[in-house]
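Please have a look at it first.

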Amino acid sequence: QVQLVESGGCSVQAGGSLRLSCSASGYTYSTYCMAWFRQAPGKEREGGAAIYSSSGTTYYADSVKGRFTISQDNANNTLYLQMSNLKPEDTAIYYCAADVDPADYYSDADPPQADLGYWGQGTQVTVSS
């Protein structure tokens, strides 16, 4: 059973930095895609960043581009999201998601949420002004 466990969320001041981690387990081969999504209060869940394991290709939503960096430690099955220059609008629950089918393919670098079959429980990030 694939499990994803996020950690690292906390409260920070605007302009600060934070690193989220997602520990993955329960799959034999490398993933096709791992991603970070977020959901702010009263809003729909939205994509933040994604990484494609075989190519290393990354994707960032415009709202986080230039401030967030996604990375993957395959040896330790851990996904990271380094967040800098945080803004109050970054306040949200951050979710890690994975597509563990190495034969899968997306036509767009922005991964479709419906195709990411495994999700963590989320970690809260609160940015105060």
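The secondary structure here comes to 0 helices and 11 strands. Both are DSSP runs numbered from the N terminus, where a helix is H or I over at least four residues and a strand is E over at least two. If you read along the sequence, the pattern is β-β-β-β-β-β-β-β-β-β-β. Before I go on: this is a predicted model, where local features need pLDDT of at least 70 and side-chain atom pairs count only at pLDDT 80 or more, while totals for chains, interfaces and linings use all residues. Residues are numbered from 1 along each chain as its sequence is written, and side-chain values use heavy atoms, with hydrogens and water left out.

How compact is the protein? Its radius of gyration is 14 Å, close to the 14 Å that the globule rule gives for 129 residues, so it is as compact as a globular protein of that length. That radius is taken over C-alpha atoms, and the globule rule is 2.2 Å times the number of residues to the power 0.38. Along the principal axes, the C-alpha atoms fill a box of roughly 45 × 25 × 25 Å.

Now, what share of the 129 residues is buried? It is 43%. Buried means under 20% relative accessible area, exposed means over 50%, and partly exposed lies in between, with a 1.4 Å probe and protein chains only. As for contacts between residues at least 6 apart in sequence, 61% join residues at least 24 apart; a contact means heavy atoms within 4.5 Å.

Let's turn to the cysteines. In general, a disulfide is a covalent bond between the sulfur atoms of two cysteines. The rule used here asks for a pair of cysteine sulfur atoms within 2.5 Å, and by that rule the count comes to 1 disulfide. Which residues form it? They are Cys-22 and Cys-96, with sulfur atoms 2.1 Å apart. Cys-22 sits in strand β3 (residues 18-25) and Cys-96 in strand β9 (residues 92-99), so the pair ties together parts that are 74 residues apart in sequence. The link is left-handed, with -75° about the S-S bond. Cys-22 is buried at 0% relative accessible area, and Cys-96 is buried too, at 0%.

Cys-10 is partly exposed, at 34% relative accessibility. Cys-33 is in no disulfide either, as the nearest cysteine sulfur, that of Cys-96, is 10 Å away. Cys-33 is buried, with a relative accessible area of 0%.

Two asparagines are worth a look on your screen. Asn-77 is not a glycine, yet it has a positive phi of about 50°. You'll find Asn-77 in the loop between β7 (68-73) and β8 (78-83), partly exposed at 30%. Asn-85 also has a positive phi of about 50° without being a glycine. Asn-85 is in the loop between β8 and β9, and is partly exposed at 43%.

Last, the charges. The protein has 7 positive and 13 negative charges, and their mean positions are 10 Å apart. Lys and Arg count as positive, Asp and Glu as negative, and His and the chain ends are not counted. Each charge is placed at NZ of Lys, CZ of Arg, CG of Asp or CD of Glu.
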